[in-house]
Amino acid sequence: SDVCSSDLYFGNSSIGKSITLHVANSVWGKKIHTWRTTDNAAESLARGSNDGLLILDELSQVGGDHADAMSYMLGNGQGKARANKKGEARRISEFKLIFLSSGEIGLETKLSESRNNRKLKAGQTVRFIEIPADAGKGMGVFENTYEFEEPGKFADHLKELSMRYKGTLIDAWLQIIANDK
């Protein structure tokens with residue numbers, strides 16, 4: 001598919017939004033970035049994550065205008081048109097992504113902080129799915145903490161395992177694909 005999949009986990013502080021990103025990242029083993037980046041850097045991050053996962057944490061770190069532009073760029077799977085030194089059009093960057101993000105507020109609220117009090121457009125709602133992070137069980141993102149006494153200890157355990165094994169699953173999967181005849 002030529003479509004980019006984008007999800008934003010949003011909710012109150014310290015409920016485990018970032019840990020969900022770490023667990024997802026454990027499959028791919030890539031770096032988790034923040035929204036606090038320039039347009040050009042975000043486009044470069046997207047190109048570098050082509051056919052894979054791009055994670056941006058903390059939507060609150062950018063202004064509404066920047067969030068608006070980046071959500072469209074990442075959702076459309078294509079960068080900005082540019083000219084070379086001779087004024088001729090350069091090839092436009094294209095990418096297909098699984099894009100995950102987090103923030104204390106959703107994209108719609110973030111856009112309302114823009115200079116022109118932007119509104120969420122229908123195209124953004126399909127490209128950028130907002131998912132409430134609170135599971136409603138009084139434990140933030142978790143429905144169960146298994147043998148752990150509290151959600152924070154479970155989150156710490158998941159983060160430790162995510163860091164220890166990050167990238168091993170995708171490596172094993174790619175090895176299977178490469179050897180499948």
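Select Ser-14 first. Ser-14 is exposed, with a relative accessible area of 77% (exposed means over 50%, buried under 20%, partly exposed in between, with a 1.4 Å probe and protein chains only). This is a predicted model, in which local features need pLDDT of at least 70, side-chain atom pairs count only at pLDDT 80 or more, and totals for chains, interfaces and linings use all residues. Residues are numbered from 1 along each chain as its sequence is written, and side-chain values use heavy atoms, with hydrogens and water left out.

Stay on Ser-14. It is found in the loop between strand 1 (5-10) and helix 1 (17-28). Helices (H or I, at least four residues) and strands (E, at least two) are DSSP runs, numbered from the N terminus. Check the backbone: phi of Ser-14 is near 65 degrees, a positive value in a residue other than glycine. Most residues other than glycine have a negative phi.

Jump to Asn-117 for another positive phi, of about 50 degrees, again not in a glycine. Asn-117 sits in the loop between helix 4 and helix 5 (122-127). Its relative accessible area is 38%, so Asn-117 is partly exposed.

Now colour strand 3. Of its 6 residues, 6 are buried, so strand 3 is largely enclosed by the rest of the structure. Pick His-33: its bridge partner in strand 3 is Leu-56.

Next, show Trp-35, Leu-74 and Phe-99. These have the most contacts inside the largest nonpolar core, which has 18 residues. Such a core is a set of buried Ala, Val, Leu, Ile, Met, Phe, Trp, Tyr and Cys residues joined through side-chain atoms within 4.5 Å. Helix 2 (39-48), strand 3 (52-57), helix 3 (64-76), strand 4 (97-103) and helix 4 (107-112) each supply at least two residues of this core. The largest share, 4 residues, comes from helix 3.

Centre on Phe-99. Beyond its neighbours within four places in sequence, Phe-99 is in contact (heavy atoms within 4.5 Å) with residues including Ser-5, Asp-7, Trp-35, Leu-54, Leu-56, Leu-74 and Phe-128.

Finish at Trp-173, in helix 7 (residues 168-179). Trp-173 is partly exposed, with a relative accessible area of 48%.

How values were computed: Two strands pair if DSSP finds at least two bridges between them.
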